[in-house]
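Reader: I have a structure open here and would like to go through it piece by piece. Can we start with the strands?

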Amino acid sequence: VAVDLFDGQCLQVVQLPLASSLDTARFVWRAALPFAKFLSGPLATGICSTSPLHAVELGTGTGVCSAALAHGLGFNAPKRQEAPGHTVLATDLPFSLELARMTLQRNGLAEKVEVAA
């Protein structure tokens with residue numbers, strides 16, 4: 001599924017079919033759509049323009065919010081413009097993490113966002 005970001009770009013998010021055993025982690029929640037746009041915008045990322053931001057997402061599921069914040073911080077820009085030291089950590093139960101990894105990979109963020117249980 002495509003999720004719109006603040007700058008007009010889209011994240012490609014991996015979801016699983018309804019019959020999946022992952023329950024709530026398998027799809028993008030409706031509330032995540034405006035939140036992802038917020039996280040990728042200047043209000044959220046501007047507050048950390050002079051100091052490093054260390055973000056932890058608990059229950060990342062598809063990884064959409066961590067990916068949106070990483071995008072807003074410039075993690076996938078050709079020349080990283082963000083202040084040095086920003087980190088994003090996406091966490092969830094071990095059996096749910098592969099979905100987040102696939103979303104991050106699809107958006108060029110797999111090497112920049114840490115994923116852990």
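Author: This is a predicted model. Strand β4, residues 87–91, is joined to β5 by 3 bridges, and the two run parallel.

Reader: Which residue stands opposite Thr-91 in β5?

Author: That is Ala-116.

Reader: How many strands form the sheet, and in what order?

Author: There are 3 strands in an open sheet, ordered β3-β4-β5, with parallel pairing. At the edges stand β3 and β5 (114–116); each has a single partner strand, so one side of each has no neighbour in the sheet. On average, neighbouring strands are turned by 20 degrees against each other, direction ignored.

Reader: Which strands does α3 touch?

Author: Helix α3 packs on the sheet and touches β3 and β4. The direction of α3 makes about 170 degrees with that of β4.

Reader: What holds paired strands together in general?

Author: Strands of a sheet pair through backbone hydrogen bonds, in either a parallel or an antiparallel way.

Reader: Moving on to Thr-60. Where is its place?

Author: Thr-60 sits in the loop between β3 (54–58) and α3 (64–72).

Reader: Buried or exposed?

Author: Thr-60 is buried, because its relative accessible area is 5% and the cut-off for buried is under 20%.

Reader: And what does Thr-60 touch, not counting residues up to four places away in sequence?

Author: On that count, Thr-60 touches Ser-66, Ala-90, Thr-91, Asp-92 and Ala-100. Thr-91 is the residue that stands opposite Ala-116 in β5.

Reader: Now Gly-85. Where is that found?

Author: Gly-85 is in the loop between α3 and β4. Its relative accessibility is 40%, so Gly-85 counts as partly exposed.

Reader: What is Gly-85 in contact with, leaving aside neighbours within four places in sequence?

Author: Gly-85 is then in contact with Pro-52, Leu-53 and His-54. Leu-53 is 32 residues apart from Gly-85 along the chain, and their C-alpha atoms are separated by 7.2 Å.

Reader: Change of topic: the surface. Which residues form the nonpolar patch?

Author: Phe-35, Phe-38 and Leu-43 form it, and together they have about 310 Å² of accessible area.

Reader: Where does Leu-43 lie, and why does Leu-43 count as exposed?

Author: Leu-43 lies in helix α2, residues 42–46. It counts as exposed because its relative accessibility is 59%, and exposed means over 50%.

Terms used: Residues are numbered from 1 along each chain as its sequence is written. This is a predicted model: local features need pLDDT of at least 70, side-chain atom pairs count only at pLDDT 80 or more; totals for chains, interfaces and linings use all residues. Side-chain values use heavy atoms; hydrogens and water are left out. Helices (H or I, at least four residues) and strands (E, at least two) are DSSP runs, numbered from the N terminus. Buried means under 20% relative accessible area, exposed over 50%, partly exposed in between (1.4 Å probe, protein chains only). Contact means heavy atoms within 4.5 Å. Two strands pair if DSSP finds at least two bridges between them. Axes are lines fitted to C-alpha atoms, for helices over the stretch in contact, and angles run from 0 to 180 degrees between N-to-C directions. Patches are made of residues with over 30% relative accessible area and no salt bridge: like charges are joined within 9 Å, nonpolar side chains (Val, Leu, Ile, Met, Phe, Trp, Tyr) within 5 Å. Accessible areas come from the Shrake-Rupley method with a 1.4 Å probe; for residues, only the protein chains shown count as cover. A salt bridge is a side-chain nitrogen of Lys or Arg within 4 Å of a carboxyl oxygen of Asp or Glu.
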